[in-house]
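Open the model in your viewer and keep the sequence panel beside it. The stops below say what to select next and what is there.

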Amino acid sequence: MANNTKKTAGQNACDDPLACRRGKIGGEAVLEGIMMKAGGKYSIALRQQDKKIRISDHTYTTVRDKHKLLRLPIIRGIINMVESFILSYKVLGVSADALGLEDEEPTKFEKWLEKTFGKSIMDFVMVIAAVLGVALGFGLFFYLPMLATKGLDALTGGNLGWFKNVIEGCMRIGIFVLYVWAVSFMGDIRRTFQYHGAEHKTIFCYEQGLELTVENVRAQKRFHPRCGTSFIFVVLIVSIIFASFITWDTLWMRLLIKLPMLPLIVGLSFEFIMYAGKHDNLFTKILSAPGLWMQRMTTKEPDDDQIEIAIAAVKYTLRDEYPDFETYAVPGESYRIVGQKPEETEESDKTTETDADTASAIQ
């Protein structure tokens, strides 16, 4: 998402520094922390049980850098979505491992399954659970709205016409909103939504060229037009338009036609999100409004500790811009701790050093 501008003789890298900051950095909330990404680098900042901030540095290579064709509009959005899913899975794995969640004691039922059927049964159960989860989500989010709309049209004597597409789309949006609203009452999810708010506020603070302090970040908005929540809403709205050209004669035929169109819808939605993130006009405000409204549920006001996590992630990711940001190495570990090393002088250990401890934990 970095917005790189090449230097030319007698010119700065960017004529408008604030404009060039828009879209330069993005991120996501993880378990008890935040990931921030700029170009081919990303950092994961997590709050430890001892309240210290642990931070790790990682590199990221997109296939778009290897093939020019994949950088074309529309296509780059499709590639970005796939790569974002892969990166999110890796980042969540890092945060879960840091919190020790992967080392949790198995339940009695899990122990019984392993003892009775062997260790391989657990892998089989996980695969079945994943397949059922996908099937359930597919049925609720795709097939159920079409079936309900078809039934409603039959009850009205087939007079809904084009409005069937709007009704189907609204049902899909309703299911999404209801799901997010329901999970927001879970304690862990609510904390993640707070970190999500801290991420947005810190990015806004950076994009406005303000000093990254807790006070400055706290004063920012927590609703960002380039958020994944807004992206989902744009996808849903664009899909309503595309769905109007697909037959309603047979539901399975309609479904089979819609599935191959999803990459195109995702690509177009990505282009709008990138445009909306860099422009503030009536057009972007209208189309961004539903997603920004939805962020009232997917983001919550963060506390100061969570804001500190977001600031650390931004500064560590953009160390060239924040050379005074201090961390120190932990012997035998791939992560670092934010701040000055205890009982060491200020010059003892800076993030400007290039050592093995800054290497990525996941490649």
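Two strands count as paired if DSSP finds at least two bridges between them.

**Whole chain, coloured by pLDDT**

Colour everything by pLDDT. The protein averages 80, and 82% of the residues score at least 70. Helix α7 (residues 214–218) has the highest confidence, at 95. Helix α3 (residues 108–117) has the lowest, at a mean of 61.

Go next to residues 1–13, where the pLDDT is below 50. Beyond near neighbours in sequence, this stretch still shows 20 contacts in the model. Then select residues 351–363, again with pLDDT below 50. Here the model has 31 contacts beyond near neighbours in sequence. Where pLDDT is low, the predicted coordinates should not be read in detail.

**Whole chain, as cartoon and surface**

Switch to cartoon. Of the 363 residues, 43% are buried. Take the contacts between residues at least 6 apart in sequence: 61% of them join residues at least 24 apart.

Select strand β1 (residues 26–30). Four of its five residues are buried. Show glycine 27 and look across the pair: methionine 36 in β2 stands opposite.

Move to the turn. Two residues lie between the strands of this hairpin. Glutamate 32 lies in that loop between β1 and β2. Check its backbone: phi is near 55°, a positive value in a residue other than glycine. Is glutamate 32 buried, partly exposed or exposed? Its relative accessible area is 24%, so glutamate 32 is partly exposed, because that class runs between the 20% and 50% limits.

**The β3–β4 loop**

Select lysine 51, in the loop between β3 (41–47) and β4 (53–59). Lysine 51 also has a positive phi, near 75°. Its relative accessibility is 57%, so lysine 51 counts as exposed; the cut-off is over 50%.

Jump to glutamine 208, in the loop between α6 (187–207) and α7. At 41% relative accessible area, glutamine 208 is partly exposed. What does glutamine 208 touch, leaving aside its neighbours within four places in sequence? Show Leu18 and Gln220: glutamine 208 is in contact with both. Now draw a C-alpha to C-alpha distance from glutamine 208 to alanine 19. The two are 8.8 Å apart in space, yet 189 residues apart in sequence.

**The nonpolar patch**

For the last stop, bring the surface back. Select Tyr275, Leu282, Phe283, Ile286 and Leu287. These residues form a nonpolar patch on the surface. Together they have about 510 Å² of accessible area. Which helix gives the most to the patch? Helix α10 (residues 282–298) does, with four residues.

Finish on leucine 287, which is found in helix α10. Its relative accessible area is 31%, so leucine 287 is partly exposed. Patch residues need over 30%, and leucine 287 is one of the patch members.

Notes. Residues numbered from 1 in each chain as written. Predicted model: local features only at pLDDT ≥ 70, side-chain atom pairs only at ≥ 80, totals over all residues. Heavy atoms only, no water. Patch = residues over 30% accessible without salt bridge, like charges linked within 9 Å, V, L, I, M, F, W, Y side chains within 5 Å. Areas by Shrake-Rupley, 256 points an atom, 1.4 Å probe, with all protein chains shown as cover. Salt bridge = Lys/Arg side-chain N within 4 Å of Asp/Glu carboxyl O. Buried < 20%, exposed > 50% of the residue type's maximum accessible area, 1.4 Å probe, protein only. pLDDT = per-residue confidence, 0-100. Contact = heavy atoms within 4.5 Å.
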